[in-house]
Amino acid sequence: PLPKNPLTALKELIQVGELAEEFELYGLKWKMRALDQNDLLLSLDAIKDSLDTQSGKFMAMATAQVIYSIEEINGIPIYSIFPDIKLEDFNNDEQEYIFAVKRALKKYLTSLPPQVLDDMYAKYTEIDKKRNEALDELKNF
């Protein structure tokens, strides 16, 4: 059960919602995490211009969720993969910095065959399902 102090309880809910896993796929070791609400909002902002059809919406959202969930590739944090993108270049605005890194990552990932992104999305949904199951256990207290 969660503690009675509301702030402590919220912090513990956030912690339960933080789930990251490593797996190998297509010869690379990936680390992905379940997205939080802020990540989902950022990913929606990133795709708002490509939402013409229902199938387009699904594909764009699935791709954005994969991109925003990737933390590391072969043990290297994605923020180290693009050394030309620096936080200080964005007036230390972390959100703009994250957008820039994710846009750079998107250029590579969207050049992959669709099957690779489909398989990565399947991995993301597994991670998200595990996180949601942990939260469901708390919901029943």
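**Entry 1: the chain as a whole**

I began with contacts, meaning heavy atoms within 4.5 Å: among those in the protein chain between residues at least 6 apart in sequence, 61% join residues at least 24 apart. I noted that this is a predicted model, where local features need pLDDT of at least 70, side-chain atom pairs count only at pLDDT 80 or more, and totals for chains, interfaces and linings use all residues. Residues are numbered from 1 along each chain as its sequence is written, and side-chain values use heavy atoms, with hydrogens and water left out.

Next I looked up the elements, which are DSSP runs numbered from the N terminus: helices are H or I with at least four residues, strands are E with at least two. The protein chain has six helices and four strands, and along the sequence they follow the pattern α-β-β-α-α-β-β-α-α-α. I put a box around the C-alpha atoms along the principal axes and got roughly 45 × 35 × 35 Å.

I also checked the surface, using the Shrake-Rupley method with a 1.4 Å probe, where for residues only the protein chains shown count as cover. The accessible surface comes to about 9200 Å², and 54% of it belongs to carbon and sulfur atoms.

In what order do the four strands sit in the open sheet? I read it as 1-2-3-4, with antiparallel pairing. Two strands pair here if DSSP finds at least two bridges between them. Strand 1 and strand 4 (76-77) are the edges, each pairing on one side only.

I then went pair by pair. Strand 1 and strand 2 share six bridges in the antiparallel sense, and Glu21 has Met32 in strand 2 as its bridge partner. The hairpin of these two strands has two residues between the strands, and Tyr26 takes a positive phi near 55 degrees there. Strand 2 and strand 3 are antiparallel too, over three bridges.

Which residue in strand 3 is the bridge partner of Trp30? I found Ile73. Leaving out residues up to four places away in sequence, Trp30 touches Glu21, Glu22, Phe23, Leu25, Ile70, Glu72, Ile73, Leu109 and Met120.

A nonpolar core is a set of buried Ala, Val, Leu, Ile, Met, Phe, Trp, Tyr and Cys residues joined through side-chain atoms within 4.5 Å. The largest one has 28 residues, and Trp30, Met32, Ile70, Leu105, Leu109 and Met120 have the most contacts inside it. Among the elements giving two or more residues to this core are strand 1 (20-25), strand 2 (28-33), helix 3 (54-69) and helix 5 (94-109). Helix 5 gives the largest share, eight residues.

**Entry 2: helix 6**

I followed helix 6 across strand 1, strand 2 and strand 3; it runs at about 40 degrees to strand 2. Axes are lines fitted to C-alpha atoms, for helices over the stretch in contact, and angles run from 0 to 180 degrees between N-to-C directions. Helix 1 (residues 6-17) packs against helix 6 at about 145 degrees, with the axes 8 Å apart. Leu13, Val16 and Gly17 in helix 1 meet Arg131, Ala134, Leu135 and Leu138 in helix 6.

**Entry 3: Ala62**

Last, I located Ala62 in helix 3. Ala62 counts as buried because its relative accessibility is 11%. Ser80 is 18 residues away along the chain, and the two C-alpha atoms are separated by 24 Å.

Definitions and conventions: Buried means under 20% relative accessible area, exposed over 50%, partly exposed in between (1.4 Å probe, protein chains only).
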